[in-house]
Amino acid sequence: PMGVAVSPWSLKTDEASLILREFNSLTAENAMKMGPIHPEEKVFFWQHADSIAAFAKRHQLKLRGHTLCWHNQTPKWFFVDQKGDTVSKQVLLERLREHITTVVSRYKGKIYAWDVVNEVISDKPDEFYRNSPFYKICGDEFITKAFQWAHEADPQALLFYN
């Protein structure tokens, strides 16, 4: 597949004809990231991601999901409780499980591949894992768990570290 990252807006402009002519796979640029799709604990915002999925289906394009877990664009509520204190490892892993299961299940059969975990490896030469809130709270266990939950939600999807 030859892919391109898209926004819902790019699919409503003259860019759409270029996309349809030059590409056969789409990747949601931001619409499926944690912050945009899950802005509050019990709130999911599906409109933008759904519009990209519908465009891909309508034009028989492959669709890649990006990304289920990333230190950037994760809403702050993910890491804190109602008092603003850092959540426990158990709470964070449960929030991550619910997020991944809900999102992947919604797009099961529509998305052929997921970027499950994004940029966990640090850019700093003296650090292997990025010292993100996920890592600070869970260690590296969240990486394995994220892949496990994505696979459980859609066993047919290809899963990638990005």
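Helices (H or I, at least four residues) and strands (E, at least two) are DSSP runs numbered from the N terminus, and contact means heavy atoms within 4.5 Å. This is a predicted model, in which local features need pLDDT of at least 70 and side-chain atom pairs count only at pLDDT 80 or more, while totals for chains, interfaces and linings use all residues. Residues are numbered from 1 along each chain as its sequence is written, and side-chain values use heavy atoms, with hydrogens and water left out.

The buried set in helix 4 consists of Leu92, Leu93, Arg95, Leu96, His99, Ile100, Val103 and Val104. Seen down the helix axis, these residues fall within an arc of 160 degrees (taken from the directions from the axis to the C-beta atoms), so they line one face of helix 4.

Arg95 belongs to this helix, which covers residues 89–106. Arg95 counts as buried because its relative accessibility is 10%. A polar atom of the Arg95 side chain lies 3.0 Å from the backbone oxygen of Val80. Leaving aside residues up to four places away in sequence, Arg95 touches Glu41, Trp77, Phe78, Phe79, Val80, Asp81 and Val87.

With residues up to four places away in sequence not counted, Tyr107 touches Met32, Ile37, Trp46, Ala49, Asp50, Ala53 and Trp114.

Conventions: Buried means under 20% relative accessible area, exposed over 50%, partly exposed in between (1.4 Å probe, protein chains only). A polar contact is a pair of N or O atoms within 3.5 Å; within protein, one must be able to donate a hydrogen and the other to accept it, and residues adjacent in sequence count only if both atoms are side-chain atoms.
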